[in-house]
Amino acid sequence: MKNILVTGGAGFIGSNFINHILDERDDYNIINLDKLTYAGNLENLKSSEGNKNYHFVKGDITNHELVDYLFNQYNIKYVINFAAESHVDRSILGSEVFFQTNVIGTNVLLETSRRYDVEKFLQVSTDEVYGSLGETGLFTEKTSISPNSPYSSSKASADLLAMSFYETYGFPVLITRCSNNYGPLQFPEKLIPLMILNSLADKKLPVYGDGLNVRDWIYVIDHNKAIDLVFEKGRVGEVYNIGASQEMTNIEIIKLVLNILGKSEDLIEFVKDRPGHDRRYAIDSSKIQNELGWKPEYKFEEAIVKTVEWYKENKNWWERIISGAYQDYYKTQYGK
Ligand code: NAD
Ligand code: TDX
């Protein structure tokens with residue numbers, strides 16, 4: 001049995017990871033440490049509640065005493081760190097909490113893990129640490145780190161810190177850098193769920209700039225399977241890019257969502273661009289494919305339809321979210 005501290009497991013990717021992994025494996029004992037910020041939602045984990053190999057702890061990864069207590073109490077030997085402030089626009093409105101959680105929090109986890117002789121520490125990172133691409137080329141693991149937003153610079157800082165633990169102490173760190181995820185349970189501040197919910201409500205769809213920025217999309221389950229593979233078989237001290245080679249412009253995605261829902265393109269509204277908006281992300285995932293045999297299973301055209309369906313069928317889930325504090329953020333970000 002592996003005692004694994006999974007942080008941020010009540011968020012989008014972490015909850016999909018826990019729900020999926022507990023179905024697949026009976027040798028993982030998961031302790032989910034989550035602060036339940038605006039983005040953390042225990043409803044995401046309904047299917048895992050009651051599983052004897054799952055324990056939830058509400059708390060902050062920056063809290064040394066709590067983290068120390070948990071390592072001791074649960075004999076933690078493995079860590080998968082999903083916990084983060086994850087939204088670029090929020091980081092532009094204020095960077096403080098991004099550095100608290102993403103950098104200081106990761107440091108607390110690394111320091112404590114080292115003291116408790118943790119056998120593997122997987123840092124869940126992002127392709128945004130590489131910065132922006134021009135019209136051609138792909139991010140490889142050798143691309144230099146060049147983040148442009150407060151969010152991505154906090155994630156890059158965490159990556160550098162994690163890697164320094166490997167170099168300095170021989171501490172067994174692994175880093176994954178994935179491209180944009182989509183799928184069920186994603187908080188509706190991110191592009192795809194925001195556009196689905198606005199379309200369903202016949203609200204305007206705010207497109208930043210000219211809508212031609214490119215993101216490389218991956219279904220969340222493909223990301224999580226890759227994380228599990230790197231966790232099990234990856235070489236420590238290494239970075240693994242994860243991506244499904246599904247590049248799309250934002251406007252293409254938005255039109256596709258409107259089309260799936262049978263809504264008019266008149267809902268599209270071009271708005272002021274995001275400051276420092278990265279033009280294009282695209283991942284070269286040949287390392288994880290060749291070394292570990294991973295490959296993505298979900299095609300964008302099919303999984304986006306599944307995702308839209310999920311939001312249509314889970315109105316209760318998102319209605320509770322958008323009726324709360326999220327409204328204040330929406331007003332600040334979009335002015336209405
Ligand atoms: P999310 O915002 O949906 O979830 C983050 C979770 O972390 C929430 O449950 C929140 O409550 C928790 N959390 C935040 N601060 C915390 C703290 N101080 N202590 C404990 N818990 C805390 O994010 P997500 O989209 O699921 O992303 C998960 C991870 O994957 C992040 O590290 C993110 O940088 C990375 N990532 C995301 C994407 C993407 O497209 N969403 C792509 C690549 C990498
Ligand atoms: O209202 C919007 N209008 C718009 O045009 C929003 C919210 C976004 N966009 C654009 C900005 C980006 O070009 O859509 C694209 C995607 O935006 P986000 O969903 O905010 O994602 P992004 O900034 O690309 O970052 C995401 O992928 C990498 C995640 O939020 C990060 O956590 C992850 O690391």
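Let me start with strands S7 and S9 (residues 214-219), which pair in the parallel sense over three bridges; pairing requires that DSSP finds at least two bridges between two strands. Asn181 has Ile218 of S9 as its bridge partner. This is a predicted model, where local features need pLDDT of at least 70, side-chain atom pairs count only at pLDDT 80 or more, and totals for chains, interfaces and linings use all residues. Residues are numbered from 1 along each chain as written, chains are lettered from A and ligands numbered from 1 in the order written, and side-chain values use heavy atoms, without hydrogens and water.

The elements are DSSP runs numbered from the N terminus: helices are H or I with at least four residues, strands E with at least two.

S7 and S9 belong to an open sheet of three strands, ordered S7-S9-S11, with mixed pairing. S7 (180-182) and S11 (247-249) are the edge strands with a single partner each, so one side of each has no neighbour in the sheet. On average, neighbouring strands here are turned by 50° against each other, direction ignored.

Now the helices. The axes of H6 (residues 191-200) and H10 (residues 300-313) come within 10 Å and cross at roughly 55°. H6 is therefore oblique to H10; oblique is what remains after under 35 degrees (roughly parallel), over 145 (roughly antiparallel) and 65 to 115 (roughly perpendicular). Axes are lines fitted to C-alpha atoms, for helices over the stretch in contact, with angles from 0 to 180 degrees between N-to-C directions.

On the H6 side, the contact (heavy atoms within 4.5 Å) involves Ile192, Pro193, Ile196, Leu197 and Leu200.
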